[in-house]
Amino acid sequence: MEVEVNNAVEFPDSDQKPSTFCKYCLNPENKQDNPGLRCEICNGFVHLTCLRRPGTPGDFACDVFFEFVCVECSDNKEEVFERKRFQWVNVLLLTLHHLSIQSYGISNNGFFHYKTHICSFIDRNWVLLFGTHL
Ligand SMILES: [Zn+2]
Ligand SMILES: [Zn+2]
């Protein structure tokens with residue numbers, strides 16, 4: 001029996017290997033350059049860039065912190081995104097990643113001014129990141 005070693009979640013109830021090809025475009029997963037989401041139901045993988053809607057809710061770059069249901073598994077044939085409980089480290093990673101992509105040029109050799117850039121970013125996007133119930 002072959003054992004595939006990767007850092008994906010384990011699927012104890014399933015004999016099927018998780019597909020690492022995008023359900024929509026059929027190209028392979030690429031964690032570095034083209035990350036994506038996994039459907040909670042069929043476990044199919046979909047690139048962020050292949051989602052039916054243009055980007056994830058909030059439009060953060062490489063924001064993969066969602067519970068996702070693909071078009072085929074969704075009741076109303078629309079993709080479902082549910083914000084996962086955010087951990088601070090993810091917020092910071094996401095923010096830094098977003099800043100480094102969106103605001104190229106304002107950083108000082110890759111370092112961001114904590115108050116100016118990070119806090120104001122989180123401030124502006126608080127509702128998107130944490131939801132309204134906090
Ligand atoms: Zn794709
Ligand atoms: Zn699915």
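**Fold, core and selected residues of the chain**

In the predicted model, Cys50 is partly exposed, with 16 other C-beta atoms within 10 Å. This count lies between the limits of 12 or fewer for an exposed residue and 20 or more for a buried one. Cys50 is placed in the loop between β2 (45-47) and β3. When neighbours within four places in sequence are left aside, the contacts of Cys50 are with Cys22, Tyr24 and Cys25. For the pair Cys50 and Tyr24, a sequence separation of 26 residues goes with a C-alpha to C-alpha distance of 6.5 Å.

The chain contains four strands and three helices. The chain has 134 residues, of which 15% count as buried. Among contacts in the chain with a separation of 6 or more, 46% are accounted for by residues 24 or more positions apart.

The largest nonpolar core consists of seven residues, namely Leu37, Cys39, Phe45, Val46, Phe68, Val69 and Cys70. At least two residues of this core are supplied by each of β2 and β3. Leu37, one of the core residues, touches Val46, Leu48, Val64, Phe66 and Phe68 when residues up to four places away in sequence are not counted. Val46 and Phe68 are also members of the core.

Positive phi values in residues other than glycine were found at Leu26 and at Lys77. For Leu26, phi is near 70 degrees. Leu26 belongs to the segment before β1 (36-38). Leu26 is classed as exposed because 9 other C-beta atoms lie within 10 Å, and the limit for this class is 12 or fewer.

For Lys77, phi is near 60 degrees. Lys77 is located in the loop between β3 (66-69) and β4 (80-83). With 10 C-beta neighbours inside 10 Å, Lys77 also falls under the limit and therefore counts as exposed.

Terms used:
Residues numbered from 1 in each chain as written. Chains lettered and ligands numbered in written order. Predicted model: local features only at pLDDT ≥ 70, side-chain atom pairs only at ≥ 80, totals over all residues. Contact = placed C-beta atoms within 7 Å. Core = buried A, V, L, I, M, F, W, Y, C linked by C-beta atoms within 7 Å.
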